[in-house]
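Here's a quick walk through this model, one region at a time. Have the structure open and follow along.

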Amino acid sequence: VLFRSVLPTDERGQVARDAIAHGLRDMERMLDAVSGVSRARRRILSEDPMTLAQVAAGIDLGGDTTLADVTLALDARAAVEAFRALGADVPVRLESHQDCVVASAALPEVLAGIEGSCAAALLGDLHTYAGTPAVALAAAEVMLARQGGMLRCEGAQVRMRLPVLGRSRE
């Protein structure tokens with residue numbers, strides 16, 4: 001509406017209006033991505049303990065129920081959001097360590113090229129990764145890092161280090 005009086009009403013004007021609308025949608029998508037990471041940095045963390053089974057409800061843990069009752073020592077929303085971003089049909093492999101559980105899964109194809117920090121990849125190439133699961137994974141990475149956890153991408157896999165209660169932390 002704003003540009004109707006400024007742009008010509010012919011085909012060139014329509015092309016210009018379409019380009020402006022497309023550009024605005026891209027800007028909004030990128031702004032939403034940056035805002036999501038920023039909110040994760042400022043989010044007030046919950047101290048309510050949750051078991052891995054509660055966090056991964058509906059996620060394929062590859063039949064591994066041995067770690068289901070392990071209680072996580074973090075605000076579990078970060079792990080929940082990361083699991084959801086990967087999708088319920090993506091199997092998650094769990095490894096038990098002295099002070100944590102490491103969850104790993106295949107990255108969605110659109111993110112397969114990311115190595116290292118998902119947040120750095122997202123913020124370094126907003127046009128490519130905004131609007132993809134990279135946004136939720138980057139937010140989860142920020143929240144996990146605030147609590148002694150970790151999220152990293154390596155070899156088309158995402159690995160999350162989830163600190164647990166009742167085990168010594170190094």
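Let's start with R39, which sits in helix α1, spanning residues 11-42. Keep in mind that this is a predicted model. R39 is partly exposed: its relative accessible area is 48%, and the cut-offs for that label are 20% and 50%.

Now look across to A139. R39 and A139 are 100 residues apart in sequence, yet their C-alpha atoms are 7.9 Å apart in space.

Next up is β6, residues 157-163. Five of its seven residues are buried, so the strand is largely enclosed by the rest of the structure.

On one pairing, β6 meets strand β4 (residues 100-106) in the antiparallel sense, over seven bridges. A103 has M160 of β6 as its bridge partner.

Strand β5 (residues 150-154) also pairs with β6, again antiparallel, over five bridges. Here E154 stands opposite Q157 of β6. The hairpin of β5 and β6 has two residues between the strands, and G155 takes a positive phi near 55° there.

## The nonpolar core

What does the largest nonpolar core look like? It has 51 residues, and F83, L137, L151 and L162 touch the most other members. Elements that each supply at least two residues include α1, α3 (77-86), β4, β5 and β6. Helix α6 gives the largest share, with nine residues.

Zoom in on F83. Setting aside neighbours within four places in sequence, F83 is in contact with V55, A56, I59, V92, A103 and M160.

Key:
Residues are numbered from 1 along each chain as its sequence is written. This is a predicted model: local features need pLDDT of at least 70, side-chain atom pairs count only at pLDDT 80 or more; totals for chains, interfaces and linings use all residues. Side-chain values use heavy atoms; hydrogens and water are left out. Buried means under 20% relative accessible area, exposed over 50%, partly exposed in between (1.4 Å probe, protein chains only). Helices (H or I, at least four residues) and strands (E, at least two) are DSSP runs, numbered from the N terminus. Two strands pair if DSSP finds at least two bridges between them. A nonpolar core is a set of buried Ala, Val, Leu, Ile, Met, Phe, Trp, Tyr and Cys residues joined through side-chain atoms within 4.5 Å. Contact means heavy atoms within 4.5 Å.
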